[in-house]
Amino acid sequence: MLLTFSEMEKAGFSKDVCRSMIAMMDWDRSGKLGFEEFKSLWIDIRQWKTVFKMYDKESKGYINGFELRQALNSVGYHLNTHILNIMCHRYATKDGNIMFDDFIMCAVRLKTMIDMFKERDPDNKNIASFTMEEWVEKTLYS
């Protein structure tokens, strides 16, 4: 059974999505969000919700996998087809639809991973350096 967008808003996020969002935004690795971490997450969720609604014009509760590129482009993320296909394999249903919950998870994870990379690429050379432990911590906890 598919929920409409307004029904999903009332239901909230799944437990797994909440855990992942907290882990991704927990910059100090305390296991919880402080005020600034929560504020940043809230701003991101509001922005991504607006993007999702732009592409879910009929309030079906999902966007088509083909619309993912346009949705991400609208906020400045220009990804190649290979990366977009990987994201669809991970976050879309077998019918190629991305539910709101999964879209938010995908968007927050993408933003977090790009921010992590940019933090390690101060000269904007598209090259970052991590030790194995740093990479495992940043990717496993998120």
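How many of the 142 residues of the protein, in percent, count as buried? In this predicted model, whose residues are numbered from 1 along each chain as its sequence is written, local features need pLDDT of at least 70, side-chain atom pairs count only at pLDDT 80 or more, and totals for chains, interfaces and linings use all residues. Side-chain values use heavy atoms, with hydrogens and water left out. The share that counts as buried is 36%, where buried means under 20% relative accessible area with a 1.4 Å probe, protein chains only.

The fold can be read next. Seven helices and two strands make up the secondary structure; helices (H or I, at least four residues) and strands (E, at least two) are DSSP runs, numbered from the N terminus. Their order along the sequence is α-α-α-β-α-α-β-α-α.

Now for the interior. A nonpolar core is a set of buried Ala, Val, Leu, Ile, Met, Phe, Trp, Tyr and Cys residues joined through side-chain atoms within 4.5 Å. The largest one holds 30 residues, among which Trp48, Leu68, Leu72 and Phe103 touch the most other members. Two or more residues each come from α2 (15–25), α3 (35–55), α4 (67–73), α5 (81–91) and α6 (100–119), and α6 gives the most, with eight. Leaving aside residues up to four places away in sequence, Leu68 touches Ile63, Leu84, Met87, Cys88, Ile98 and Phe103.

Terms used: Buried means under 20% relative accessible area, exposed over 50%, partly exposed in between (1.4 Å probe, protein chains only). Contact means heavy atoms within 4.5 Å.
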